[in-house]
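Trainee: Please take me through the structure below, and tie each label to the rule behind it.

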Amino acid sequence: MEQSPYPPGTVRSLLDTSQVTPKTREVIKARLAEEPALEPSFFNAESFAILQAVTDRLISQSHGIDLAGALDRRLTTGTGDGWRYNTMPPDPIAHQAGLTGVEESAQILFGHSFVALSESEQDRVLTAIQQGKAPGKTWEPMPSVRYFEELLVELTETYYSHPLAQEEIGYVGMADAKGWQAIGLNQLEPWEPQSGKTIQLSLTESPTRMPTQSILQETNHLQRYGTKDIVDAVVIGTGAGGAPLLARLAQAGLSVVALEAGEHWHPAEDFATDERSQSKLFWTDERLSAGEDPIAFGNNNSGIGVGGSTLHYTAYVPRPHPDDFHLYRDFGVGVDWAIGYDDLKPYYEEVEGFLGVSGASPYEWEPDRKPYPLPALPLNGAAQLMQRGCEALGIRTSPAANAALSAPYFQSGVGWRAACTNRGFCQAGCTTGAKASMDVTFIPLAMQHGAEVRSQCFVTRFERDTDDRITAVIYVQAGEEKRQPCRTVFLCAGAIETPRLLLLNNIANSSGQVGRNFMAHPGVQVWGQFSEEVRPYKGIPGGLISEDTHRPQDANFAGGYLLQSIGVMPVTYASQVARGTGWWGDRLHSHLLNYNHTAGINILGDCLPYEHNYLELSNERDDRGLPKPRIHFTNGENERRMTAHAESLMRQIWETAGGENLWTFQRNAHTIGTCRMGTDPTQAVVDSDGKSFDVPNLYIMDNSIFPSALSVNPALTLMALSLRTADRFLQHN
């Protein structure tokens, strides 16, 4: 096993300094204090011994971190990560069967128990399981390849969540209480660990809490309406679709109640710079993922809590191009939108101004547009490397538009928000309020104008009258079923939970389109390692953009894509390496020792709607007794061609920039479609204003109504649509 080049003790030395926030310190110290269990709680002694032996081969370590015990504890508590392959049984069954299969294969191949085999023999058994070639009846109903993948990924995530493993790879991203000043290539703070050098620590005052967080803390528990009051509107979901219209309706003087399934957090106090503890921001109710290209849910695309998925989005907010709205007109495939770019342009400008978007002005691909409110954020190491490679190849780039503040910004109706401190932790929660998630922007605005936000409220059904109008929303809070009478419902629960709720209640589906046309952006990533210090945990993750590939001249596919530089947190990266490459043992360990020299590029591309991609209700029930959603997804030929085109180009960029050890991670991003907008009630669920064709007082406003995916990230368009829908509703009511 290759030795770490970094001095030991770096994370532990930093914990008692003011470089680490109190919440982060609490979380990491608790993990360091964890003791191995004396005996397993979920597995029996024989199975647990096999698991320990398997773990020792898959994860090379010298710290004695109890990975098998961590898996045993998770299975005992019944927690999950929000999804599983449709071909796999539930986790408890899969792990019991999987370890039985390991033992069965060992006996068939070598005539001995797995724990009694030599290391090389154990590796042969594990390799056979990973390749789908392991003998034994256990693997007939359950694919060994998937079991191996899931086990490897979980063990890898657990290991690299541990402070001792993070010391090993030179990660000190948790020491971000004051943010980062040195974020470019070969730029280090004096106390960041370097190969063979000790770090210099300084003790200074801890940072103060940001004003936006104070506003939230003072207002988020106010109850304005009783459950017998008939309110003007109930908004289900508080993400990028629900929060803007919630604010607009409240500003107009309407009585509005928002129901959110998750908690209402105080980020400055509740969020730690620790990926594992921040999994509380992800939707972890299990979804079943089917098709040839099953989608990962949870931390990949699904949020929970007041603010929805914007709590963990990267704040990447480029506008779509006008031609994104009419793919069918231009290419003869897909579906055109019922509205166009010009319908949304004033709302794009309003959202950018309200959030305080930072971006380059003028912007390369829209030179005549109104300047962004703030200058672009500084480029981190990954962005600088992409810029270098693209420049050499004649590809134009620009600092990207990000909904994170490059300078202090006064937000009308909310107050001052502080500038981004380059924490690089956007995908697991912003503690400062600099990232424009809904909980620090539209939600406080809505609440100041009288809206009520109820957290931990899971909506299950609707009451309707003889005219099919919804008269009340039924939800569960703290185990108690409650009822909120209302005049109008805005369903903003996302492209999975929105169709699921409609199908559960058998409403708004005369077209048969609820749950159909599921889309997920092609988002292939190419990673490389560089001689320079990159430190991918610093700076806004998506710092650089190129839209030269929006309509490539040499394309053999419809639509196009953008290119984006990406920074990455260590657990996320380690998980992707394990899942994407299948590396384990010493090879995985050696690769991750170069984490600080890692940079990535990914794409965000058009995805066409297909009949074979859809959501349905499964026969399997969740903890609430409701059917789990099953999502079928297979990339079409258009997406496969686009991905191949993009991968080839990104590899050229990284090779030109000096990258080595390149590898590709295949993925699709975001959840889109499933309640299509349109003009024909037989082919769409809602009209161009988001209003249901079937239920007179039901509106849908989330990614589910997108007729096509667009070739940019969806958040900005969703916020603009939300404001437009509110305005159209107010005009007609």
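This is a predicted model: local features need pLDDT of at least 70, side-chain atom pairs count only at pLDDT 80 or more; totals for chains, interfaces and linings use all residues.

Mentor: Residues are numbered from 1 along each chain as its sequence is written, and side-chain values use heavy atoms, with hydrogens and water left out.

Trainee: Why is H7 called roughly antiparallel to H17?

Mentor: Helices are DSSP runs of H or I with at least four residues, strands are runs of E with at least two, and both are numbered from the N terminus. The axes of H7 (residues 144–160) and H17 (residues 570–581) come within 9 Å and cross at roughly 155°. Axes are lines fitted to C-alpha atoms, for helices over the stretch in contact, and angles run from 0 to 180 degrees between N-to-C directions. Angles under 35 degrees count as roughly parallel, over 145 as roughly antiparallel, 65 to 115 as roughly perpendicular and the rest as oblique. H7 is therefore roughly antiparallel to H17.

Trainee: Which residues make the contact of H7 with H17?

Mentor: From H7 come Glu149, Glu150, Leu152, Val153, Thr156, Glu157 and Tyr160, and from H17 come Val571, Ala574, Ser575, Ala578 and Arg579. Contact means heavy atoms within 4.5 Å. These residues divide into six nonpolar, two polar and four charged. Ala, Val, Leu, Ile, Met, Phe, Trp, Tyr, Cys and Pro count as nonpolar, Asp, Glu, Lys and Arg as charged, and the others, Gly among them, as polar.

Trainee: What makes H5 roughly perpendicular to H7?

Mentor: Helix H5 (residues 91–110) packs against H7 at an angle of about 105°, with the axes 11 Å apart. That angle makes H5 roughly perpendicular to H7. Ala94, His95, Gly98 and Leu99 of H5 meet Tyr147, Leu151 and Glu154 of H7.

Trainee: What makes S5 and S19 edge strands?

Mentor: Six strands form an open, antiparallel sheet in the order S5-S14-S15-S16-S13-S19. Strands S5 (398–399) and S19 (660–665) each pair on one side only.

Trainee: How do you know that S13 and S19 pair?

Mentor: Two strands pair if DSSP finds at least two bridges between them. S13 (residues 525–529) and S19 share four bridges in the antiparallel sense, so they meet that rule. Gln529 stands opposite Glu660 in S19. H17 packs on this sheet, touching S13, S16 and S19, with its direction at about 80° to that of S19.

Trainee: What is the strand order of the sheet with mixed pairing?

Mentor: That open sheet has four strands, in the order S1-S4-S18-S17. Its edge strands are S1 (83–85) and S17 (614–621). S17 pairs with S18 (residues 627–632) in the antiparallel sense over five bridges.

Trainee: Why is the pair of Lys29 and Asp16 called a salt bridge?

Mentor: The closest N and O atoms are 2.7 Å apart. A salt bridge is a side-chain nitrogen of Lys or Arg within 4 Å of a carboxyl oxygen of Asp or Glu, so the pair qualifies. Lys29 lies in helix H2 (residues 22–32) and Asp16 in the loop between helix H1 (10–14) and H2, so the pair ties together parts that are 13 residues apart in sequence. The count comes to 48 salt bridges.

Trainee: Where are the two backbone details?

Mentor: The peptide bond from Ser361 to Pro362 is cis, with omega near 0°, and Pro362 lies in the loop between helix H13 (341–355) and H14. Arg535, in the loop between S13 and S14, has phi near 50°, a positive value in a residue other than glycine.
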